[in-house]
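Hi everyone, thanks for coming.

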Amino acid sequence: MAAAVEFDNVTRRFGEIAAVDGIDLSIDEGVFFAMLGPSGSGKTTCLRLISGFEQPTEGHVRIFGANSERIPPNARPVNTVFQDYALFPHLSVRDNIAFGPMVRGVSKRNRYAEASRALDMVALTGFDLRSPRQLSGGQRQRVALARALVNKPRVLLLDEPLGALDLRLREQMQDELKALQKSLGITFIFVTHDQGEALSMSDRLAVVNRGKIVQVGTPEEIYSRPKSKFVADFVGASNVLSPELSARSGGAAAWSSLRPEFVRISRGGHANLSGKIRAVKYLGATRRVTVDVGGAEITALVEANSPLPSPDSPVGLSWSPEALHAMESE
């Protein structure tokens, strides 16, 4: 599969600060690729390097094989959707979407036809003449998408586009974005600090921290086999066992990741570790149980209706050998 975007040892400095620090990355054409990391990790700077709003201090960004440094933003086959939508409040929905084709010199009749087709893509047929003020947050997000898609980009950049939406609408838009990417077949590069979004939507995922990419893989690979303590902690809840505790529980003498849903609690019999229940947190369908195992804590997820021993009761914790994943040193 051809690469849509490549980073070749790319660094972007702002004074003494390296917002992006020696990144090597290849993003295949036609995939939904997510960049996940905390605020200030360099995710948005990566998008700005692709779009042309920033230039590398060192290294090269290639778009479909061409070095992009001398290509201005408006000549690149990319468009960006921002978290704040950036719609023109004085223009109708139709004119917001048709703005890009107008700048390119497309006739009014043709650009309005293109705007209508873009509205069809995002399920807003009939909203042409409304003002952005008359739309809900989810509808404004769809207009921002349509305005980007009307320019027929080969790569769509999405910078925390769902961050301003409430939980229910955000989950709905996650499904719609994923379905839209599949139907269009173009490359989506999605930046987020929400690990749930990244895991549920992407085909491939890069975890970013302090300007560096610390792991790239499928969502399943990164969740099940994190390379480091940072990845294990940031991508979903995880028990991070010290080398001593991992060895005591039957694993390798290395920092290890153990997801709470793989931990079983019993009153007796064989167990990897023994301890006492210290806290139980109700989460709806499940409960999160915290067990003290002699100075350290292990959490387990159990079904809400499963019987549990009372607090401070001795319990055994067990898991299958493959559930404990040894990680690299930080």
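In helix H5, the buried residues are Gly-138, Gln-139, Gln-141, Arg-142, Val-143, Ala-144, Leu-145, Ala-146, Arg-147, Ala-148 and Leu-149. Buried here means under 20% relative accessible area, with exposed over 50% and partly exposed in between, using a 1.4 Å probe and protein chains only. Helices (H or I, at least four residues) and strands (E, at least two) are DSSP runs, numbered from the N terminus. Please keep in mind that this is a predicted model, where local features need pLDDT of at least 70, side-chain atom pairs count only at pLDDT 80 or more, and totals for chains, interfaces and linings use all residues. Residues are numbered from 1 along each chain as its sequence is written, and side-chain values use heavy atoms, leaving out hydrogens and water.

Because eleven of the 13 residues of H5 are buried, the helix is largely enclosed by the rest of the structure. What covers those buried residues? The cover includes strand E6 (78–82), H2, H4, E7 and H6.

Leaving aside residues up to four places away in sequence, Arg-142 touches Val-122, Leu-124, Gln-172, Met-173 and Glu-176, where contact means heavy atoms within 4.5 Å.

Finally, the largest nonpolar core has 34 residues. Such a core is a set of buried Ala, Val, Leu, Ile, Met, Phe, Trp, Tyr and Cys residues joined through side-chain atoms within 4.5 Å. H5 gives the most to this core, with six residues.
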